[in-house]
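Please look through the sequence and the structure before reading on.

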Amino acid sequence: MVRRNRCGHCSRLAPTWEELAESHHKDSDTDVTIAKVDCTVETSLCSDNDITGYPTLKFFKAGETEGVKFRGQRDLTSFTAFINEQLGTTQEEADIKPEVPKPVNGLVELTEETFSKHTEKGKHFVKFYAPWCGHCQKLAPTWDALAKSLEHDKSVSLSKVDCTVHRSVCNDFEIKGYPTLLWIEDGKKVEKYQGQRTHEDLKEYVSKMLGSVSEDEDKDEETGSPVLIFSGDNFEHGIAKGVTLVKFFAPWCGHCKRLAPTWDELGKKFVGTGVKIVKVDCTLDNSKELCSQQQVDGFPTLFLYKDGEKVAEYNGSRSLDDLYDFVTKHLDAVRDEL
């Protein structure tokens, strides 16, 4: 173990490390030495071994200068299993990937070694956190309760990742703040949750992402709204000609709900002009990939297209007049080109 004085994680690990050392005392059956290095003193040694975080745990075999980095849970059982693996005599045993831990009350704690295997298939709602983060601490009991309420639902898995320990996973998903809640399907990020962190809001979000459709969104079609509904199946063809303003939304999104009546009014204003006012529900299975391809990273997102090409994103006031002016300016520009 390489450590740094006054490192909180090092301090918390110390008792377990001492217990591990005691279990592998020189009089035991295994010829393993448990050691530690203070990087505030042995700076060159730590630099030579590319130590950039604390504590860093490495296993060295006699006569070898390259160590194998330990990335698992920091408990006695995991340490012992890791050492036994390193002492194994067959390559087949060394190649065995660690099993994903069983859920505790519906919640799975993932590591760098188990994350990919667990999320490669199916739908997952994942909390990326840091133990020292105050917002994470406030969310923790709610997240536990959410997992408990969904533990018998096989269509979704609730999990968490400690980014102070499993940095590579968090770096892969570009986690920049804590907590970050991501919806992941078949190993790929679908979207970042940006709603309220109450149990009710989180559970409603999960329900929406599992495929239920808002009744309000169904009514648009039934009442003959001038707003067109596109999906991944017809989007490319639908925007191929003319000017199209598209609202990418999620039914659970409060800002989207507030914009909905204005969007309908905007559609009415452009009836007969050749301008298409469109909405795309990014939570539907046949639109999720489309929204990802169009780089939709929040809701609602408003993009303007001309002859199949994205030409502008609208970031102004969502009043009817401002939206109308935005479209007409671009429409006038198109006519001037003609």
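How many nonpolar, polar and charged residues does the lining of the largest cavity have, by class? The lining has five nonpolar, two polar and three charged residues, where Ala, Val, Leu, Ile, Met, Phe, Trp, Tyr, Cys and Pro count as nonpolar, Asp, Glu, Lys and Arg as charged, and the others, Gly among them, as polar. This is a predicted model, in which local features need pLDDT of at least 70 and side-chain atom pairs count only at pLDDT 80 or more, while totals for chains, interfaces and linings use all residues. Residues are numbered from 1 along each chain as its sequence is written, and side-chain values use heavy atoms, with hydrogens and water left out.

**Cavity**
- A search of the whole structure finds one cavity of 30 Å³ or more (a set of points on a 1 Å grid over the protein atoms alone where a 1.4 Å probe fits but cannot get out; lining residues have an atom within 4 Å of a point).
- The largest cavity holds about 60 Å³ of space, a volume being the space filled by probe spheres set on the grid points, which are joined across faces, edges and corners.
- Its lining includes Val190, Glu191, Cys282, Lys288 and Phe299.
- Helix H12 (288–293) gives the largest share of the lining, three residues (helices, H or I, are DSSP runs of at least four residues and strands, E, of at least two, numbered from the N terminus).

**Nonpolar cores**
- The largest nonpolar core has 35 residues (buried Ala, Val, Leu, Ile, Met, Phe, Trp, Tyr and Cys joined through side-chain atoms within 4.5 Å; buried means under 20% relative accessible area, exposed over 50%, partly exposed in between, with a 1.4 Å probe and protein chains only).
- Among the residues with the most contacts inside this core are Trp143, Phe235 and Phe248.
- Another core, of 17 residues, lies apart from it and includes Leu266 and Leu323.

**Helix H3**
- Phe79, Phe82, Ile83 and Gln86 are the buried residues of helix H3 (residues 76–86).
- Seen down the axis of H3, these residues fall within an arc of 95°, so they line one face of the helix (the arc is that of the directions from the helix axis to the C-beta atoms).

**Backbone**
- A cis peptide bond joins Tyr178 and Pro179, with omega about -10°.
- The bond from Phe299 to Pro300 is also cis, with omega near -10°.
- Glu174 has a positive phi, near 55°, and counts as exposed at 60% relative accessibility.
- Asp186 has a positive phi of about 50° although it is not a glycine.

Note on methods:
On a 1 Å grid over the protein atoms alone, a cavity is a set of points where a 1.4 Å probe fits but cannot get out, and a pocket is an open set with protein on both sides within 12 Å along at least five of seven lines; lining residues have an atom within 4 Å of a point.
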